[in-house]
Amino acid sequence: MVLDAHSITIDTMTIPDAACDPLRDLLKDVLSRLATLETKVGLPPPPPSTTTSVKPSESTASNKPAPVRALSIRSLKEAGDDPSVKAYDDFCKEAVVNFADACDDLKGLESMGSFVVAAFDGLRSIITLASKSKKPEEDLPAAFAPLMQPTLDALKKIRDLKLDRAFDPHQKAVSEALGCVSWVAAPMRPATLVRDTFGSAEYWTNRIRKDFRGKDEKQIEFCDALKKMIDGLIAYIDDYHKTGLTFNPKGLSFKETLIRMSDEPDDEDQYPKTPTSKRPTLGVTATPNMAGLIGELSKKRTEDGNSAATGLKHVSKDMQTWRKEFKKEGDEASAAAPKPVAPQKIPQKKKPLKGLPVFEYQDRGFKWVIENHTSESVLRESHENGVLTINIVDPKQQVYLYNCDGVTVKVTGKFKSLALDQCTKCSVFYDDLISSTEVVNCQRIQLQVNGISPVFTIDKTTNITVYLMSKEVLDLAVFTTSLSSEMNVSFPDGDDQKEVAIPEQFVHKIVAGRIKSEVSDLYH
């Protein structure tokens, strides 16, 4: 749009002076007020504009912005100068956006990238909240449940995507890898949890690499970008949240900070998000395209006096039924009637374990027995920090866990053997063991060996991680597995811990009348 003393030029249309006088006066008043505001704020005057007219087609063709993937991060001002939040923003802008772009490069997988960005974007409010508040008194998963909902919704959308069957490994790899978002609620060593989740995803990325190596480099870039994203998250956690999500001991209480953050206005509400534009910055005023509006309205006007409003019906006063005089007595009574209250759902409690909790030493068999215990029963019995502690005084003693759920056991001293049977979400820390460690019919087990444990037998077990903390045990440890899955071993590798998966897939061949078995190429 070009303003001069006689006419207003809109594209190739010229409107007479008489029709533009009110608009010209309004624009002059607005420009005058803007100039006054800029002088008070101290902004430099804008450079003189040229009057060269450019056709819309040429302008849009030459100045069309490249697509920008904007992170819809809520309340950017909330974080202030906290280093952990700034570092998380840098991680998202680099690793997460790069992986989303790698998804966009694969035809048929374009919609997945935005969901991945949304999943990591949802964690930012939790990290921001932690940087401003003290640690909550309740469990972290329960405290973070409302804030985790956007992330969980994004994960659900990824799992529910209806993709071509060729992208099944991609979808499963991303779903497995994004299990790492639960690191914010991990009680200790969240980087280990992230490594575990990527161990499951790496099975599928290895299959993608094997199928497309030398055929499609974009597929390999997809796998590389996913690994780089997880490695970037691990590096970020090691730098700022090594032992768990870091809270502010000098901040406000968790609930008060949560209320204050929810009361502050949302940047996304002030500036509608578009896929090809960034939010307005300070000193930039976004104005609607007034010239285009006038041009469109002018096109609607015809020679016989019709306009864009021609044909619209006039709503008289007697048609405005929302007025008070049109309400009937029955309407007021119905409005005052209370709405039926839906019956409150009663949360289902966990089924109690069969049998009474047992924690005792039996002289017959030199055996420590822990049976039918849960995390609640351990707390009720006033054990220190909710941990069952066993002090071994005779190397002949054994430790036996049966039918336990959510129990943590610490064994000090050298003993004969350890056995876990039908246990779920249990952790055992122990020093030296003479014979073997047996895990049967269990789920989600963690074992940490601080000394020597030569033999591990794992049978019919899902999701077990064994942490070997001593370098002396590396040459002695032997693992025997059957009918088990999601098995990982963590052991010292220089100054760090290295974690690898125990193979679950094998290739069997008949050689000289005998079966010869080898580990699948996926684990090499």
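## Salt bridges and helices in a predicted model

Asp-231 and Lys-227 sit 4 residues apart in helix α8, so about one helical turn separates them. This is a predicted model. The two residues form a salt bridge, with their closest N and O atoms 3.0 Å apart. Asp-231 is partly exposed, at 35% relative accessibility. Lys-227 is partly exposed too, at 33%.

The structure holds 6 salt bridges.

| Pair | N to O distance |
|---|---|
| Lys-227 and Asp-231 | 3.0 Å |
| Lys-156 and Asp-160 | 2.8 Å |
| Arg-195 and Asp-238 | 3.8 Å |

The pair Arg-195 and Asp-238 links distant parts of the chain. Arg-195 belongs to helix α7 and Asp-238 to helix α8 (residues 217-240), 43 residues apart. Arg-195 is partly exposed at 25% relative accessibility, and Asp-238 is partly exposed at 27%.

Lys-156 and Asp-160 both lie in helix α5, 4 residues apart. An α-helix has 3.6 residues a turn, so residues three or four places apart point the same way. Lys-156 has a relative accessible area of 48%; Asp-160 has 44% relative accessibility.

Helix α5 spans residues 140-160 and bends by about 65° at Pro-146. Its buried residues include Phe-144, Leu-147 and Met-148.

Where does Arg-209 lie? Its place is in helix α7 (residues 190-212). Arg-209 is buried, because its relative accessible area is 18%, and buried means under 20%. Leaving aside residues up to four places away in sequence, Arg-209 touches Ile-220, Cys-223 and Asp-224.

Met-188 lies in the loop between α6 and α7. Met-188 and Gly-244 are 56 residues apart along the chain, yet their C-alpha atoms are separated by 5.1 Å.

Conventions
Residues numbered from 1 in each chain as written. Predicted model: local features only at pLDDT ≥ 70, side-chain atom pairs only at ≥ 80, totals over all residues. Heavy atoms only, no water. Bend = angle between axes of the 7 residues up to and from the residue. Helix = DSSP H or I, 4+ residues; strand = E, 2+ residues; numbered from the N terminus. Buried < 20%, exposed > 50% of the residue type's maximum accessible area, 1.4 Å probe, protein only. Contact = heavy atoms within 4.5 Å. Salt bridge = Lys/Arg side-chain N within 4 Å of Asp/Glu carboxyl O.
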